[in-house]
Amino acid sequence: MNIPADLKYSSEHEWVRAEGDEASIGITDHAQQALGDIVFVELPEVGDEVGAGEAFAVVESVKAASDVYAPVSGKIIKVNERLFASPELVNSDPYGSWFVVVLMSDPGELATLLSAEDYNKFCEEE
Amino acid sequence: MYPYLPITSEDRRRMLQAVGVEAIEELFVDIPSVMRCKGRLNLPGPLSEMEMARHMKALAGKNKNLDDNPCFLGAGAYDHYVPSIINHILLRQEFYTAYTPYQPEVSQGTLQAFFEYQTMICELTGMEVSNASVYDGASALAEAVAMACQATRRGEVLLSRAVHPEARQVVKTYSHFSSVNVKELGYQNGLTGAGEAEELINNQTSAIVVQNPNFFGALEELAKFAELAHRHKALLIVSADPIALGLLKPPGESGADIVVGEGQPLGNPLSFGGPYFGFMATTEKLMRRLPGRIVGQTADSEGNRGFILTLQAREQHIRREKATSNICSNQALCALAAAVYLTVLGKKGLRQVAELCLQKAHYTYRSLLETGKFASTFTAPFFKEFAVTGQEDAAVVNARLMENKIIGGYPLARDYPELKNALLIAVTENRTRDEIDRLVKYSVAT
Amino acid sequence: MELIFEQSVPGRTGISLPAIDVPEEAIESLIPAEYLRRESPGLPEVSEGEAARHFTRLSRRNFGVDTGFYPLGSCTMKYNPKVNEDIARLNGFTRVHPYQSEDTVQGCLELLYHMDRCLSELTGMARVSLQPAAGAHGELTGLMMMKAYHENRGEGHRKKIIVPDSSHGTNPASAQMAGLKLVEIKSGKNGRLDLDELKKAVDGQVAGIMLTNPNTLGLFESDIAEIAEIVHSAGGLLYNDGANANAILGISTPGDMGFDVVHLNLHKSFAAPHGGGGPGSGPVGVKEHLAPFLPKPLVEIKGDGSYYLEYNRPLSIGKVRSFYGNFGVVVKAYAYILTMGPEGLRQAAEDAVLNANFLMKRLKDYYDLPYDQVCKHEFVLSGGRQKEKGVNTEDIAKRLLDYGYHPPTVYFPLIVKEALMIEPTETENLETLERFIEAMIQIAGEVDEEPEKVRLAPHTTVVGRLDAVKAARKPVLRWKP
């Protein structure tokens, strides 16, 4: 299982890549494997506000639909429209397939997330 | 004794033994005895097939039916001709005794028929995507309103009073419980008030809802409402008559975002109000918000084309409380009837039926006005149904018609108290000139 | 197989229509040109014979109850009597307009009135509305009435609806549409509602509970009296999802169990056909205290014995469908009740339960049976032990197709892994059950000896397993030239 060392993780299996006040968010390799073939990704609109822990997107496989939770709070400033036409990218390249970019309202929340090492441990225990 | 129960007493004895109990009661020990039915339930029967059929025929005989009484009543349910072939196809047990096509390998018949149906509905409505039908036209409209509110994330809807009164009631029932605010738009000269819509629309409006032809039979200017709705980032929902779509511009071309309608006119009998089906179509953009069953094309591992229920992640069995709707069935056999109907009518037949309706309705309208006893209630253009205002109470006119074995029109005052003495008259291709002339004759007091 | 559109040839038609027999006017003089279609809709052009052959060929790619055994759990795929099809097609029923004056539709009204009485008697309820078009529609109607009842008592804050985790997916979806808030509770170890979990969930906010009884494991909720007591004493109501009523008709009633509202599926328990997904009918019955909230109209009887539609029902939730429901389906179900009578309905329930217990007993050595106790009309096996050998429940289901059976419901209820939910119904004979048992045992053997054969099944159907991922990723939902 691929867990890049430079990212932060949530216990709901989202990853966060922070650059300044901006955080791109996606789902982990572990999550995409568990879901199987992803057939659709439902994304929020640019301008929506999300709070940490709130569901902001949905990933669908043939037999399941799962909420994706925001690891950090803020305003959505970009959504990855490529995923509408090619949801399979989430399977083939989970860490390249960001869902949204959030302008964080409280970058301090990053400190509450898991490191790659902790996330690896978390997955093993789960 | 019972023709549908093959298990004999001897079978029962052997089976109880195999299960390891002495008596059938032991299989019901988990039902507390205080909850067991005591004594004989107060129900009719059992009757033999002959007795039952005799009883039911007697009941059916107490109704005045349309074969003996030519019908000019429409108001949302229409006496269009149902070609003979339809019933023969519907009575194929492989169609009518099957369940929802959960096992596609043994349900390709139903699935392909739905795929063909969906294509036909897209062709009629000018929309990109259709589901495989819902309960009826009225609940389709309620589902469309819910869909528009979800898609726009707004909680208000502008509903024309020229939409079928029962459909409006269903929309209001659904909306009350899901906290959607319904504002009604009045009508002028039989058409939805565009000025009023302009005044009422705001940034909370999810959709404008109109019917075309509307309940009065009149033709709305759809493009105007589409423009208004879209200017405020709202949707346009159109409830359409599928027969009229043989002649009229598809609502999709006028900018509709969701098109629904009562499908009964497409090959389904009147049957005292049901079963009917609602059709429901939308744009590709809103595809994943469309409720109900949807069939898609795919292939098996050898590349054979096949059909399957798809986009199921929208649905209740997966999404549970987050589903687009709770609906988990369609009106499969009614939709199949529509597919057979549209197949045998084909490209030209549907247009011909629409033209017959149009010409006969206008002949009836002119003839009634020529009596001097009826005036136009409205002057807007109409398709197969129109309103006229008489000098007598509508019930009096209808009673006289019934005495002469004619089922008259719909008394509009029932839902619109301001339209006193007005009758809504529907004329389908099923009415002959002779029947129309009799209608006109007996509509007037002698 | 070709689509009907691919068989289309310009110039063919399947209909002959009469010539226009009234003076004609130019269409453009009747309808503004901008309202008219520029191009005809792309409908097929085929002769009637070609249409007949096409749809007949399609029908042969389907499996119906007359084709073979159809033990689809929770769906009650019993035999659909032929005579009921004929009765529902009498022109005195089909050629009747819903808005005809009441004096001209006395037969229809009488039938609806008596059906209300019959279903009230069978469910132990005061009144029944025949308006809902399907089970899920009945659920929604029932929940709306429960909410309206609380609102009318000034308790509109009651929005919590309790649903066990074994429930049908429609339950939570219906609750959402009725504006209620869902609280899901875990089932107990014995496959029944856990009373402690229930007590924890019940408080002053509770609107009610939705319960299927017998539940989706085919088990009767024996604690139902206590469940009713807990919910009622907290001011809540009990809703019965009657999808499984076939096990109890004539034996017990939801009313006696303490339920306030129940829906029935006429296309399950009352032998009306499923039609490939509909039309069904989902009447909803209520006890006296909820009757004022039933949808309008109801059919009532006058002193002179004539019937009428009563719309004056001020507390009614309104309408959930146009007109009076799926009348044609109600006709078939009423004919069924007349044929069976009270004794026949009870015998049907007993035979359905006996058939299920017989199958369960004979299959439990070959498949896991997570809840090994007397079942009602259905039971749930698990393909767990086969799964360990690399064959999952879907494979087993597909392999059954090769043996000529429709598979059971699979992967439901969600609380059983690799679930196979089997409901034989009372209209299957002992020989059929024996042959089905043999097939199931043989498949269990194949899992050990030739697992590939099961994994790649079906081998005999018109198409193989279809690619659901492809269908959902790039949806093709209509034919295009």
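**Reading the chain interfaces of a predicted complex**

Biologist: How many residues of chain B are in contact with how many residues of chain C?

Modeller: Contact means heavy atoms within 4.5 Å. By that criterion, 185 residues of chain B touch 205 residues of chain C. Please note that this is a predicted model, in which local features need pLDDT of at least 70 and side-chain atom pairs count only at pLDDT 80 or more, whereas totals for chains, interfaces and linings use all residues. Residues are numbered from 1 along each chain as its sequence is written, chains are lettered from A and ligands numbered from 1 in the order in which they are written, and side-chain values use heavy atoms, with hydrogens and water left out.

Biologist: What area is buried between chain B and chain C?

Modeller: Buried area is the accessible area (1.4 Å probe) that two parts lose on being put together, summed over both. Between chain B and chain C that area is about 17,200 Å², with carbon and sulfur atoms giving 63%. Tyr4(B), Phe177(B) and Phe272(B) supply 6% of the area that chain B buries against chain C, more than any other three residues.

Biologist: How many salt bridges does the rule find across the interface of chain B and chain C?

Modeller: Side chains of opposite charge can pair when their charged atoms come close. The rule requires a side-chain nitrogen of Lys or Arg within 4 Å of a carboxyl oxygen of Asp or Glu. It finds 14 salt bridges across the interface of chain B and chain C. One of the pairs joins Glu45(C) to Lys348(B), at 3.2 Å from N to O.

Biologist: Which helix of chain B gives the largest share of the side that touches chain C?

Modeller: Helices (H or I, at least four residues) and strands (E, at least two) are DSSP runs, numbered from the N terminus. Helix 11 (residues 332-370) of chain B gives the largest share, 26 residues. By residue class, the side of chain B that touches chain C has 94 nonpolar, 51 polar and 40 charged residues. In this scheme Ala, Val, Leu, Ile, Met, Phe, Trp, Tyr, Cys and Pro are nonpolar, Asp, Glu, Lys and Arg are charged, and the others, Gly among them, are polar.

Biologist: What area is buried between chain A and chain B?

Modeller: The buried area there is about 790 Å², of which carbon and sulfur atoms give 39%. In chain A, Phe40(A), Glu60(A) and Ala65(A) lose the most area to chain B, together 39% of what that side buries. The rule finds four salt bridges across the interface of chain A and chain B. Glu60(A) meets Arg288(B) in a salt bridge, at 3.8 Å from N to O. Strand 4 (38-42), strand 6 (55-61) and strand 7 (65-69) of chain A each supply at least two residues of the side that touches chain B. That side of chain A divides into six nonpolar, one polar and six charged residues.

Biologist: Which residue of chain A forms a salt bridge with Arg473(C)?

Modeller: The partner is Glu88(A), with the closest N and O atoms 4.0 Å apart. The pair runs from helix 16 (residues 468-473) of chain C to the loop between helix 2 (82-85) and helix 3 (89-92) of chain A. Over all chains, the count comes to 58 salt bridges.

Biologist: How many helices and strands has chain A?

Modeller: Chain A has four helices and nine strands. Its C-alpha trace spans about 35 × 35 × 20 Å along the principal axes.
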